[in-house]
Amino acid sequence: MTLSMTPAELRCVLGVRVADYSEREALDFFHACVRQQRFQPVAFLNANNANIAWRDDEAAKAFNDFVVLPDGIGVDLASKLSYGVPFRANLNGTDFVPTLLQRASEPLRIGLIGAAPGIADRAAAGFEAIEGRHDYRVFSHGYFEDADQLAILDAIQQWQPDILLVALGVPRQEKWIKNHITAGHCTVPIAVGALFDFVAGTVPRAPRWVRAIRCEWIYRLLIEPGRLAKRYLVGNPLFLIRVLRQKLTAKHAKVTQ
């Protein structure tokens, strides 16, 4: 169980164990994993991902084989309701991954796989502009055929990136890492969702002041209402109802080392 490797307190959000790190602690932990070549999958939990894990047992099991970081105001509210305090930091992947790359002490090999055709290549160029010390390599877009998977995995294994960014969407990316990626492929695989789209510039980020007040989800809803209306307008209330029901039935549990 990889979660035994993290010293952070763990809090259960709809059955998924989420690590309560400060940003500095999280950066130090994953940089140490890279330096020591200690295999450690990473994922992020927001309200939408928690809803998916709630109804998909395989996804829930996959999440609990990762160190899971808190992403967004929804899981903060869940922590307040169940444990009385929020998580110490909002460690969403869109901000955390670039910071992880920028604060690395030495050049790294960074692999990318996922998103629509061409997006990963643009994202690699975007990452290079953010932090040019590292070597970036794209292995595939996210629409590869099953017949191509073995060759992709072989290419990853031959290059052995320090960090492998996997953008296949939730829960496919978490399941794919759990089922196919081992210490023989890379050191730290990270399930990054829509990160490539943001870094490539195909999906705009909210202004900094909107992010600062924890309302980026509203901005994204306004930008992509057709795709995100159900996720946010139905999914967010459903998430909070499930958290309240879990609290009332005393099914949540404080998980610590």
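Visitor: What covers the buried residues of α8?

Guide: This is a predicted model. In it, the cover over the buried residues of α8 includes the strands β3 (42-45), β5 (109-114), β7 (163-167) and β8 (188-191), together with the helices α3 (57-63) and α7 (146-159).

Visitor: And which residues of α8 are buried?

Guide: Helix α8 spans residues 172-180, and its buried residues are Q173, E174, K175, W176 and I177.

Visitor: What sort of peptide bond joins V170 and P171?

Guide: V170 and P171 are joined by a cis peptide bond, with omega about 5°. Most peptide bonds are trans. As for its place, P171 lies in the loop between β7 and α8.

Visitor: Let us turn to helix pairs. At what angle do α4 and α12 pack?

Guide: Helix α4 (residues 73-83) packs against helix α12 (residues 225-248) at an angle of about 20°, and their axes are 10 Å apart. Angles under 35 degrees count as roughly parallel, and α4 and α12 are therefore roughly parallel to each other.

Visitor: Is that crossing left-handed or right-handed?

Guide: The crossing of α4 and α12 is right-handed.

Visitor: Which residues meet there?

Guide: From α4 come G74, V75, L77, A78, L81 and S82, and they meet F239, L240, V243, L244 and K247 of α12. By class, eight residues of this contact are nonpolar, two are polar and one is charged.

Visitor: What is D76 in contact with, beyond its neighbours in sequence?

Guide: Once neighbours within four places in sequence are set aside, D76 is in contact with P86, F87 and R214.

Visitor: How do α1 and α5 cross?

Guide: Helix α1 (residues 23-35) and helix α5 (residues 93-102) cross at roughly 55°, and their axes come within 10 Å. These two helices, α1 and α5, are therefore oblique to each other. Their crossing is right-handed.

Visitor: Which residues make the contact?

Guide: On the α1 side they are E23, A26, L27, F30 and H31, and on the α5 side F96, T99 and L100. The contact of α1 with α5 has five nonpolar residues, two polar and one charged.

Visitor: Now the cysteines. How many disulfides does the structure hold?

Guide: The structure holds zero disulfides. A disulfide is a covalent bond between the sulfur atoms of two cysteines.

Visitor: Is C186 buried or exposed?

Guide: C186 is buried, with a relative accessible area of 3%. C12 is buried as well, with a relative accessible area of 12%.

Visitor: Where is C215?

Guide: C215 is in the loop between α10 (208-212) and α11 (216-223). With 23% relative accessibility, C215 counts as partly exposed. C215 and G72 are 143 residues apart in sequence, and their C-alpha atoms are 8.9 Å apart in space.

Visitor: What does L195 touch, aside from residues up to four places away?

Guide: L195 touches G93, T94, V97 and F127. L195 lies in helix α9 (residues 195-200) and counts as buried, at 1% relative accessibility. L195 and L165 are 30 residues apart in sequence and 9.1 Å apart from C-alpha to C-alpha.

Visitor: One last topic: what is the phi of A115?

Guide: Phi of A115 is near 65°, which is positive although A115 is a residue other than glycine. Most residues other than glycine have a negative phi. A115 sits in the loop between β5 and α6 (119-130), and at 13% relative accessibility A115 counts as buried.

Visitor: And what about the phi of Q160?

Guide: Q160 also has a positive phi, near 50°, and is a residue other than glycine. Q160 lies in the loop between α7 and β7. With a relative accessible area of 39%, Q160 is partly exposed.

Key: Residues are numbered from 1 along each chain as its sequence is written. This is a predicted model: local features need pLDDT of at least 70, side-chain atom pairs count only at pLDDT 80 or more; totals for chains, interfaces and linings use all residues. Side-chain values use heavy atoms; hydrogens and water are left out. Axes are lines fitted to C-alpha atoms, for helices over the stretch in contact, and angles run from 0 to 180 degrees between N-to-C directions. Helices (H or I, at least four residues) and strands (E, at least two) are DSSP runs, numbered from the N terminus. Angles under 35 degrees count as roughly parallel, over 145 as roughly antiparallel, 65 to 115 as roughly perpendicular and the rest as oblique. A crossing is left-handed if the near helix is turned anticlockwise from the far one by less than a right angle, and right-handed if clockwise. Contact means heavy atoms within 4.5 Å. Ala, Val, Leu, Ile, Met, Phe, Trp, Tyr, Cys and Pro count as nonpolar, Asp, Glu, Lys and Arg as charged, and the others, Gly among them, as polar. A disulfide is a pair of cysteine sulfur atoms within 2.5 Å. Buried means under 20% relative accessible area, exposed over 50%, partly exposed in between (1.4 Å probe, protein chains only).
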